[in-house]
Amino acid sequence: MGKGIRIRGREEPRVLTKEALSFLEDLERRFGEKRRALLEARAERQKKFDAGAIPDFLAETREIRESDWKVAPIPEDLQDRRVEITGPTDRKMIINALNSGAKVFMTDFEDALSPRWDNLMEGQKNLMDLWDRKIDFTDKASGKHYALGDKPAILIVRPRGWHLEEAHLEWEDRPISASLTDFGLYLFHNHKKFGRFQTGPYFYLPKMESHLEARLWNEVFVHAQEALGIPQGTIKATVLLETLPAAFEMEEILYELRDHIVGLNCGRWDYIFSYIKSLSAHKDRLLPDRSRVVMGEAFLNAYSLLLIETCHKRGAFAMGGMAAQIPVKGDAAANDAAFQKVRADKEREARNGHDGTWVAHPGLVPVAMEVFDRLMPAPNQLEKRPDKTITREDLLEPHKGERTEEGFRECIRVGVQYIAAWLGGRGAVPLYNLMEDAATAEICRAQLWQWLRYGAALSDGRVAERSLFLSLMDEEMGMLRQSLGEERWLGGDFAKAASLFSELTLASDCPAFLTIPAYQHLTEFV
């Protein structure tokens with residue numbers, strides 16, 4: 001065991017070796033305090049937003065934006081990323097995603113994974129088995145056997161964000177960084193294996209809010225490579241641009257990680273949540289129903305175009321956002337309509353200049369691939385730049401549209417069911433023909449919080465207020481309980497999820513993340 005690491009969960013000897021824990025201890029000792037200081041800086045900036053300030057480009061980093069520089073050369077196996085698929089780290093998902101025909105698979109320790117200790121440890125073992133080429137799976141129910149194909153997708157791993165901690169591992173009597181845990185264990189156990197497959201240690205980095213947080217990741221990369229004897233620059237990262245503050249620091253984020261970064265990605269769902277949260281004290285930024293906040297309009301369109309312009313200016317890839325639709329079984333018309341939405345979204349991305357896109361289900365890989373094959377015949381579009389110059393006002397423009405009772409109810413239905421699944425150990429959840437992850441529940445509760453705080457007018461003339469929320473919440477939970485049946489309702493975490501959703505939605509201030517209080521229910525020792 002590492003000298004100062006205390007394991008508070010079930011011990012997993014294969015993953016939590018003495019050497020691996022020593023490596024984690026070294027990372028936490030060097031970078032833990034910096035991480036906590038950056039989180040405090042986040043909170044201080046949010047206080048300024050709450051006092052009336054709004055995000056803007058940084059005056060102190062103007063020279064970075066105006067000087068001439070490029071990111072380091074991008075590895076050959078990451079040159080063509082036209083379709084990427086995402087999903088959690090469970091064994092069957094890893095095999096199916098790698099065999100899906102997508103160019104890249106992002107396996108996820110973050111929003112698509114419920115961070116129960118057993119999920120995290122199984123995920124690390126599955127990735128160790130993958131690089132040892134010992135990964136297969138037999139479904140006990142169906143007897144179907146799953147094995148890795150001859151040409152699997154390139155693997156990228158997403159660790160949890162800087163704001164999260166791993167309660168099952170402590171150093172000096174406090175939980176260590178969840179980011180460093182996921183990153184450190186994966187890199188430590190597999191860094192000697194990548195070369196035989198002509199690939200490398202590739203990561204997707206989530207939830208950053210500033211270039212200083214990117215600088216910390218770069219420091220972690222430099223030290224980890226030195227400590228493990230890996231050539232500098234071997235680690236490559238794509239940053240998920242998921243927060244409103246980070247949109248004003250895109251170039252600075254690329255600059256801080258310039259030796260290790262290969263691109264930015266439009267993490268659209270978390271970005272919507274961040275827009276609501278960052279501007280929660282600004283009544284003029286109220287949003288309409290979630291279904292009306294679409295990528296081709298207002299602040300989402302501006303952020304997508306700025307990301308393309310910024311990345312291509314610096315020689316980095318600009319990845320498009322997630323298509324959350326999943327195939328609709330038994331309804332050909334509904335399935336065709338869903339696929340048409342995906343096709344239109346991907347055509348917009350390809351025409352605008354994105355170098356690739358995300359899908360959540362293997363069934364959508366051919367749809368997205370056809371679009372990018374047709375509109376992007378080259379491996380990428382680094383030479384393409386949008387015509388429109390994006391301003392601060394563009395990045396802050398709220399979407400227009402109605403706020404409806406159905407939109408209100410949908411937030412309750414989807415939010416509670418997702419939280420219940422997350423508490424039960426599942427982080428990627430199909431709901432109403434969409435694959436939802438933690439960002440879904442964040443949007444749902446934050447949007448209702450915003451509407452309630454400002455008494456937003458609904459399309460039928462009613463006002464969003466506490467009594468309406470409690471009434472609709474009671475009705476929706478009653479219908480959900482009836483549809484699920486008493487056994488499933490009582491055997492799941494629905495009552496607990498409903499209580500947590502209500503608590504967060506009715507809070508006096510908009511809580512930063514629901515996954516932080518929810519995580520307390522997942523720790524084995526509570």
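Predicted model: local features only at pLDDT ≥ 70, side-chain atom pairs only at ≥ 80, totals over all residues.
Me: What share of the 526 residues is buried, and what share of the accessible surface belongs to carbon and sulfur atoms?
Reply: Buried residues account for 62% of the 526 residues. The accessible surface comes to about 20,700 Å², and 50% of that surface belongs to carbon and sulfur atoms.

Me: How far apart in sequence are the residues that contacts join?
Reply: Of the contacts between residues at least 6 apart in sequence, 78% join residues at least 24 apart.

Me: How do you know that C311 is in no disulfide?
Reply: A disulfide requires two cysteine sulfur atoms within 2.5 Å. The cysteine sulfur nearest to that of C311 belongs to C266 and is 8.3 Å away, and C311 is accordingly in no disulfide. The search of the whole structure finds zero disulfides.

Me: What makes the sulfur of C444 too far from that of C411 for a bond?
Reply: The two sulfur atoms are 4.3 Å apart. The cut-off for a disulfide is 2.5 Å, so the pair is too far apart for a bond.

Me: Are C311 and C444 buried or exposed?
Reply: A residue counts as buried under 20% relative accessible area. The value for C311 is 0%, so C311 is buried. C444 likewise has a relative accessible area of 0%, so C444 is buried.

Me: Which other residue has a positive phi although it is not a glycine?
Reply: N433 has a positive phi, of about 70°, although it is not a glycine. This residue is in the loop between β14 (429-431) and β15 (434-436).

Me: Why are R133 and N433 called partly exposed?
Reply: Partly exposed covers the range between buried, under 20%, and exposed, over 50%. R133 has a relative accessible area of 37%, so R133 is partly exposed. N433, at 39%, is therefore partly exposed as well.

Me: Why is I5 called buried, and which residues does I5 touch?
Reply: I5 has a relative accessible area of 2%, under the 20% cut-off, so I5 is buried. The residue is in strand β1 (residues 5-7). Not counting residues up to four places away in sequence, I5 touches L21, E25, L169, E170, W171 and I176. I176 is 171 residues from I5 in sequence, while their C-alpha atoms are 8.9 Å apart.

Me: What makes T523 count as buried, and where does T523 lie?
Reply: The relative accessibility of T523 is 8%, which is under 20%, so T523 counts as buried. T523 lies in the segment after α19 (515-519). Leaving aside neighbours within four places in sequence, T523 is in contact with A167 and H168. G356 is 167 residues from T523 along the chain, and their C-alpha atoms are separated by 37 Å.

How values were computed:
Residues numbered from 1 in each chain as written. Heavy atoms only, no water. Buried < 20%, exposed > 50% of the residue type's maximum accessible area, 1.4 Å probe, protein only. Contact = heavy atoms within 4.5 Å. Areas by Shrake-Rupley, 256 points an atom, 1.4 Å probe, with all protein chains shown as cover. Helix = DSSP H or I, 4+ residues; strand = E, 2+ residues; numbered from the N terminus.
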